[in-house]
Amino acid sequence: MRVASRVFAALAAAGLAFVVVSGVVDSSAAALPTASAPEPPIEELTPIRDTVVFPVGVAIDSRETEGATSELLLRHFDQVTPENAMKPESWYDAAHEFAPSPEIASLMDFAAANDLRVYGHVLVWHNQIPAWFFERADGTPLTTAPADQQILKDRMHDHIFAVAKYLSDNWGSFGGGNPVVAFDVVNEAVVEGASDNLGMRPSDWYRVLGERYVDLAFRYADEAFNQMYAAPGAAHPVALFINDYNTDQPTKRAVYLALIDRLLARGVPIDGIGHQFHVGLDVPVDNLARALDDSGGRGLVQAVTEMDVPTGTPPSDATFLEQGYYYRDAFRVFRDRADDLFSVTVWGLYDARSWRDSQGGPLVFDDALRAKPAYYGIVEGHADEAPLAEFLGGSGSTSPMLYVAGAALLASLGAAWLVWRRRHSAGVAGRAKVHPDAGVSADEALATLSRRLPPSGR
Ligand code: G3I
């Protein structure tokens, strides 16, 4: 019976694999629906969040707070980062008045209603910030004169406190029901390759205030989020992060960690080290492990804050499978270091929503909201053995459901094959990007779906 079970399971897997990877069953769902088109059904897959012990997040805007995209998000993730909505420019109107973007309320309402954690992004950054922050009232640039420095300190203070007050007034005090659990306080403060200024980025923040702007940002954020607007008795409810990219590169990591060590030596209230991990298939996964390992031992938590892995162009079945291996190996690294990790976040829900989509779909779900090999790679690391037979409803003995499922899926396989033959012979390319009809063998697809990807040698 076990043999029969395995045969059915394998055939069923092949059917499923073909259906999922070829995309022939729902070839019309190649793009997100327009207002009049039906939304694609969300696959009933094991939630990613159930396969990891750390919170798993995704960067979003209000487009992901309703409809099928929100359904996909809520199935797999338990934390969200506002991709753009909480950057400095999003809090002010053209008259320089504090006027929070409606995007912020959309995201916070969605998080509160669905019990999602919010990882705030970002309080102090050189990018996406109004130019007037660095100007006097008459429009001339701030200098290092003490009066100008005071203007910028006050602006930073008032910005951080206004953000904390707005979030706490509307969604509860921090640690008392507010979904915000962390914030990127300072983003991208260092640059690699700089031979002066200890690698500090020559931003307007640095030009006017020097390195101490970083200290000030953390002190103000601690006072605002963890004291003034914290729930009574809540112990340090909002984790305060520094965040940067290319921490997988030794030269960048060295200046980043040196800054963090100086902050710690000065008693700056920093809680966490963020690694953006905007990487690519050419970056060895071992580099990610080194980034996390080298950053450890400081009494700080760490977070993967913005992960994405473009395949390069043009993307193909082969590169998407390689991307699946990459995500699998990266999540193995993360699982092995779970004790140090505050959360792991991917920078977007599906490929077309990525700022790097033109470099080859970098995310976990495709534009029809279907799981890519990247998804199967991520969940693959969850268990040593995750046989598809169990997934279908039996392990030791053969469940009747297995026969039913196997028969149904064999029928699917046959139907899919017929459709594929018809489309292929008619020269219909189908969805060129993620699910081209040709190029993925049943073996490859089965390997993906049965979560038995062989070692990649990475
Ligand atoms: O909002 C305007 C819209 O009104 C306008 O019509 C449109 C036309 O291009 O632009 C819109 O703004 C864009 C904004 O995203 C919102 O979509 C900007 O042009 C675009 O530059 C901006 O890109 C963001 C980028 O940061 C800016 O630096 C990306 O979405 C966002 O993913 C990216 O995120 C950063 C992290 O915050 C920090 N780490 C690096 C990462 C990539 O730069």
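Two strands count as paired if DSSP finds at least two bridges between them. That criterion applies throughout what follows, and the model it is applied to is a predicted one.

The chain passes from β2 through helix α3 (residues 102-114) to β3, a β-α-β crossover that is right-handed. On the side of strand β4 (residues 180-187), five bridges join it to β3, again in parallel. As for burial, β3 spans residues 117-124, and seven of its eight residues are buried, so the strand is largely enclosed by the rest of the structure.

Strand β1 (residues 56-60) is joined to β8 by three bridges, and the two run parallel. One of the paired positions is V56, whose bridge partner in β8 is V344. Strand β7 (residues 301-307) is connected to β8 by four bridges, also in parallel. At M307, the residue standing opposite in β8 is V346. Between β7 and β8 comes helix α9 (residues 317-336), and the three elements make up a right-handed β-α-β unit.

The next topic is the ligand. Around the ligand are the residues E83, N84, N127, Q128, N187, Y245, Q276, E306 and W355. Sorted by class, this shell holds five polar, two charged and two nonpolar residues. Two of the strands described above contribute to the shell: N187 belongs to β4, which spans residues 180-187, and E306 lies in β7, which spans residues 301-307.

Confidence remains to be considered. For the protein chain the average pLDDT is 82, and 75% of the residues score at least 70. Residues 385-446 have a pLDDT below 50, yet in the model this stretch has 98 contacts beyond near neighbours in sequence. Residues 448-458 are also below 50, with 30 contacts beyond near neighbours in sequence. Where pLDDT is low, predicted coordinates should not be read in detail.

Definitions and conventions:
Residues numbered from 1 in each chain as written. Predicted model: local features only at pLDDT ≥ 70, side-chain atom pairs only at ≥ 80, totals over all residues. pLDDT = per-residue confidence, 0-100. Contact = placed C-beta atoms within 7 Å. Near = placed C-beta within 6 Å. Nonpolar A, V, L, I, M, F, W, Y, C, P; charged D, E, K, R; others polar. Right-handed = clockwise from strand over helix to strand, strands pointing away. Buried ≥ 20, exposed ≤ 12 C-beta atoms within 10 Å, placed from the backbone.
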